[in-house]
Amino acid sequence: MDAKSDDAARDRALALAARGGDRQAFASLVRRHQARLFNFLLRLLGRREVAMDLTQDTFLKAWSALPDWQPAARFSTWLFQIGRNAAFDVLRRQQRIDFVSYDAGNPADEPGDSAPSPEQQYADRQRLRLLERALAALPAEQREILLLRELEDMSYAELAVTLGINEGTVKSRLARARAAALLHYRDYTGEHRDE
Amino acid sequence: MSDLHPPPIAPHVTDDELSAYLDAELAAPARQQLAAHLSVCPRCADRLSAFADLAADLGRLPSVAPEVDLTGVILGRLPPIVSPSRPTFWAGWRALLPVGIGATASVALGLALGAALFGTGAALPGVAAMQVFDPLPPGSLCLGVDSCYTRHANLTGVIR
Ligand SMILES: [Zn+2]
């Protein structure tokens, strides 16, 4: 919680400087947010090249829009709002993007692993792969809200601002997304047969 | 389904409420009521733990970083000036000019900025960067190599 508000305060200072034309301050903002924004866009759209393009476009749009940014608004929420709008522009124009599941990566990439057995590592990787498939099977709006909630740890108020919907809709969309994700997840793991 | 449980437990908690409970987004009275229901209803408790497991698994998804630091590319593509005082400056000058001249000046400025922003000189480095830095090693990033590459040109065209 404290770390989150420290980050927000640092972002605010940098964004204020960038708004005054300080490119180095903007460079710091890019460094601080590019990985999370890229990860979100990649998991939302499923395509690395598109996510790379959109990450750059988002920062360029943010730079141009900085005069409109209100210091009361959390910079990261504002940035993700620009990014998700750009992503949905692409989705709308494309009707649908064939989502490509990417590999969950090496187990070594995962933080905090205390050397699990190879069998355990394999099982974990399989589980995450199935989860990625379940995510990919969701409508983009549901995938988006799950990612922002679970990966970006956004509150309902932040989700409402980012997605341009009210908190009641956040609540119901998130619940529907979870229910649908579970359904797919269980479908892939075969758990539903136990019920 | 609901007749598996004795009637006093019903009505069960909705997914909306369970999901908000998990996120600590319920106000105190609703939260306490829900907690009381959960303590006597295995069905809703199971549903909540399924939501919680899903949340935990999503939190364990490895985060995928871009293969290069994009800072340099982005800085290289930034238009020259952004300053909150700029609109005021131009608005001030425009007010001193006859309307027609002011409008012409605005359009000319817009065209000049547009050319600077979207001219080939500005767009090419981004495209080149994609080709250099986004090689997509087959097998490590995509499950289906074909699907990784086939629509690339199309998609890139859409974004630009
Ligand atoms: Zn119940």
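Colleague: Which residues coordinate the zinc ion?

Modeller: This is a predicted model, where local features need pLDDT of at least 70, side-chain atom pairs count only at pLDDT 80 or more, and totals for chains, interfaces and linings use all residues. Residues are numbered from 1 along each chain as written, chains are lettered from A and ligands numbered from 1 in written order, and side-chain values use heavy atoms, without hydrogens and water. Donors are N, O and S atoms within 2.8 Å of the metal (3.2 Å for Na, K and Ca); water is not among the atoms, so sites may look incomplete. Here they are His12(B) through ND1, His37(B) through NE2, and Cys41(B) and Cys44(B) through SG, at 2.1 to 2.3 Å.

Colleague: Why is the arrangement around the zinc ion tetrahedral?

Modeller: Four donors count as tetrahedral if all angles lie between 85 and 135 degrees. The four donor atoms here subtend 99 to 128°, so the arrangement is tetrahedral.

Colleague: What spacing do the donors follow along the chain?

Modeller: The spacing is H-x24-H-x3-C-x2-C. His12(B) sits in the segment before helix 1 (15-22) of chain B, and Cys41(B) in the loop between helix 2 (28-40) and helix 3 (42-59), so the pair ties together parts 29 residues apart in sequence. Helices are DSSP runs (H or I, at least four residues), and strands are too (E, at least two), numbered from the N terminus.

Colleague: Are His12(B) and Cys41(B) buried or exposed?

Modeller: Buried means under 20% relative accessible area, exposed over 50%, partly exposed in between (1.4 Å probe, protein chains only). Both residues are buried.

Colleague: How many helices and strands are in chain A?

Modeller: Chain A has eight helices and zero strands. Of its 195 residues, 53% count as buried.

Note on methods. Tetrahedral: all angles 85-135°; square planar, octahedral: opposite > 155°, others 65-115°.
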